[in-house]
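Good morning, everyone, and thank you for making the time. Please have a look at the model on the screen before I start talking you through it.

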Amino acid sequence: MENNNNQVTGELKSGNKKQVRLFYCMECEELARKVAAHSQLITLQSINWRSFDDGFPNLFINNAHDIRGQHVAFLASFSSPAVIFEQLSVIYNLPRLFVASFTLVLPFFPTGSFERMEEEGDVATAFTMARILSNIPISRGGPTSVVIYDIHALQERFYFGDHVLPLFETGIPLLKQRLHQLSDADKIVVAFPDDGAWKRFHKLLDHFPTIICTKVREGDKRIVRLKEGNPAGCHVVIVDDLVQSGGTLIECQKVLFAHDAAKVSAYVTHGVFPKRSWERFTQKNNRSEKGFAYFWITDSCPQTVKAVENTAPFEVLSLAGSIADALQI
């Protein structure tokens, strides 16, 4: 009798798994294929991404009738304003095709660092983007789930309206897994470039000793100083949510080496790197005697992933497995 009950329970658990039809933008094709490879329950779907002569999108969702009653997801990349409109056109259309549920996966929320006003007249574009996503039509299954990784400021979750369900995930487990694989795993110390990064991530990395850096103003300059912790003889890994120019990471690296760190590496979930700023971290262009041992990023920014492929010190930690799991929530 007990075996029969276990069998029924197992069948119920299996029955709770969703078959998901996953659409994706052109930039995310490689990531989408990796997500589908993680689960037989995920089937890739296609969209014809074309443009009219005037430049506006001419889009077609293939096999639209076949997704009726199905769980549907869309993997997006808002890498520039130029691609956002065509993706929003699809995102707004998919829930209206009588799907059972709709999930938007937007690994990188691009306006997240513009979340506050410092003076009257500033435009908090993070709030604008959240409002746009909050107006995604409701599907037959209810509000849209919006999956975002390591959004810049946690309070941005309150920018979203009641018509969507934001799900905030993190890439930190990927970093922890990689750190445990290193030969000097017992010498790892995690450094945060400022108090904000510490508040954000320290509870997720509490098994590692920590260092906190801070920025102090000296005249017209803001200089990075060591606030707390001892990097001497350690492999120090700087952790933050995103990188743009990388100036702060480089200044932190200099301070850590000045305090006798043995190695310095970096992790960011989102390697934005506008204007190919990643090049300053390559061994070819890094003028200091000691460069970064490793620079880990995720594949939340597909254009960066292609640019840094097979380029030291960069390593890509894929979000594919985490996304596949999030699609089952």
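I will go through the pockets and then the aromatic rings.

Please keep in mind that this is a predicted model, in which local features need pLDDT of at least 70 and side-chain atom pairs count only at pLDDT 80 or more, while totals for chains, interfaces and linings use all residues. Residues are numbered from 1 along each chain as its sequence is written, and side-chain values use heavy atoms, with hydrogens and water left out.

The largest pocket has a volume of about 890 Å³. By pocket I mean, on a 1 Å grid over the protein atoms alone, an open set of points where a 1.4 Å probe fits, with protein on both sides within 12 Å along at least five of seven lines, and a lining residue has an atom within 4 Å of a point. The volume is the space filled by probe spheres set on the points, which are joined across faces, edges and corners. Of the 31 residues lining the largest pocket, Ser-113, His-152, Asp-194, Lys-215 and Asp-240 are the closest to its centre. Helix 6 provides the largest share of this lining, five residues, where helices (H or I, at least four residues) and strands (E, at least two) are DSSP runs numbered from the N terminus.

Where does the second largest pocket lie? Domain 1 (20-169 + 322-327) and domain 2 (172-298) both give residues to its lining, so the second largest pocket lies between them; the domain bounds come from an automatic or database domain assignment. About 530 Å³ of space lies in this second largest pocket, and helix 8 gives the most to its lining, with four residues.

Turning to the aromatic rings, the structure holds 14 aromatic pairs. Rings of Phe, Tyr and Trp (its six-membered ring) pair if their centres lie within 6.5 Å, and planes under 30 degrees apart count as stacked, over 60 as edge-to-face and the rest as tilted. One of these pairs, Phe-109 with Phe-160, is tilted, at 5.9 Å centre to centre and 55° between the planes. Phe-109 counts as buried at 4% relative accessibility, as does Phe-160 at 9%, where buried means under 20% relative accessible area, exposed over 50% and partly exposed in between (1.4 Å probe, protein chains only).

Finally, Phe-273, Trp-278, Phe-281, Phe-292, Phe-295 and Phe-314 form one aromatic cluster.
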